[in-house]
Amino acid sequence: MTAQTRGRIRHVALSVKDPWETAEFYKQAMGLEEVTELDGPLAEGVFLTDGVVNLAILHFKSDEASQGTGVDYVGIHHIGFWVDDVVEQGKIVRNTGATWIMGDTNNPNGYEVKHTDLDGIIFDIAAHGWVGSQKDPGAEGSVARPNPQRRLARFDERRVRAQAKIAAIRAKEIPQAAE
């Protein structure tokens, strides 16, 4: 029997239609900080952080890339756990009933080894955190992974359009809730 290790929730991924619009909403509404942009083989998107947890806002490029949710799915796509040992934790989750769907299960430095839980919900485990996340907040020496604040020029127009939409919404008078 393997020893139980503790995973830390440090990453939540949303699947959305327009990552820049959704990112601008969370930056304006919740004060999250933009970390970086992505244009990868599976998805394009924007990553935000609160300094502890990373929020990935993604639009998947194909049904296959979406890992079973479908390219048009909108909602929480998966959650990510920062673990001490990806290989050992992977054995534990699979022995507990999880189903592996992608990633190298034998790489101790693995990044986003994805599984589904008993209900088919996607989660991943990683040996290191996501940009803008901290493994042990409040612990001595615990710092957020560096923020490269990388922006991709090919997304400038989409970013500006999202900022304008949120600014227009904020310019409208919002009725105050009854006290």
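Let me start with methionine 102. Leaving out residues up to four places away in sequence, methionine 102 touches Leu42, Gln67, Glu112, Val113 and Lys114, where contact means heavy atoms within 4.5 Å. Methionine 102 sits in strand S6, residues 99-102. Helices (H or I, at least four residues) and strands (E, at least two) are DSSP runs, numbered from the N terminus. Methionine 102 counts as partly exposed because its relative accessibility is 28%; buried means under 20% relative accessible area, exposed over 50%, and partly exposed in between, with a 1.4 Å probe and protein chains only. Its C-alpha atom lies 7.1 Å from that of histidine 115, which is 13 residues apart from methionine 102 along the chain.

A word on the source. This is a predicted model, in which local features need pLDDT of at least 70 and side-chain atom pairs count only at pLDDT 80 or more, while totals for chains, interfaces and linings use all residues. Residues are numbered from 1 along each chain as its sequence is written, and side-chain values use heavy atoms, with hydrogens and water left out.

Now the whole chain. The protein chain has three helices and eight strands, in the order β-α-β-β-β-β-α-β-β-β-α. Of its 179 residues, 41% are buried. Taken along the principal axes, the C-alpha atoms fill a box of roughly 60 × 40 × 40 Å. Of the contacts between residues at least 6 apart in sequence, 57% join residues at least 24 apart.

Next, the interior. In soluble globular proteins, nonpolar side chains tend to be buried together. A nonpolar core here is a set of buried Ala, Val, Leu, Ile, Met, Phe, Trp, Tyr and Cys residues joined through side-chain atoms within 4.5 Å. The largest has 11 residues, among them Leu14, Val16, Trp20, Leu48 and Phe155. Helix H1 (19-30), strand S3 (43-49) and strand S4 (54-60) each supply at least two residues of this core. A second, separate core has nine residues, including Phe47, Ala56, Leu58 and Val131.

What about H1 itself? The 12 residues of H1 should span 16 Å at 1.5 Å a residue, and its end C-alpha atoms are 16 Å apart, which agrees; the expected span is 1.5 Å times one less than the number of residues. The buried residues of H1 are Pro19, Trp20, Thr22, Ala23, Glu24 and Lys27. They pack against strand S2 (33-39), S3, S4 and helix H3 (156-171). After H1 comes glycine 31, with a positive phi near 75°.

On a 1 Å grid over the protein atoms alone, a cavity is a set of points where a 1.4 Å probe fits but cannot get out, and a pocket is an open set with protein on both sides within 12 Å along at least five of seven lines; lining residues have an atom within 4 Å of a point. Grid points are joined across faces, edges and corners, and a volume is the space filled by probe spheres set on the points.

The largest pocket holds about 460 Å³. It is lined by 24 residues, and Leu38, Phe47, Tyr111, Glu112 and Trp130 are the closest to its centre. S4 gives the most to this lining, with four residues.

How many cavities of 30 Å³ or more does the whole structure have? The search finds one. The largest cavity has a volume of about 40 Å³, and H1 provides the largest share of its lining, four residues.
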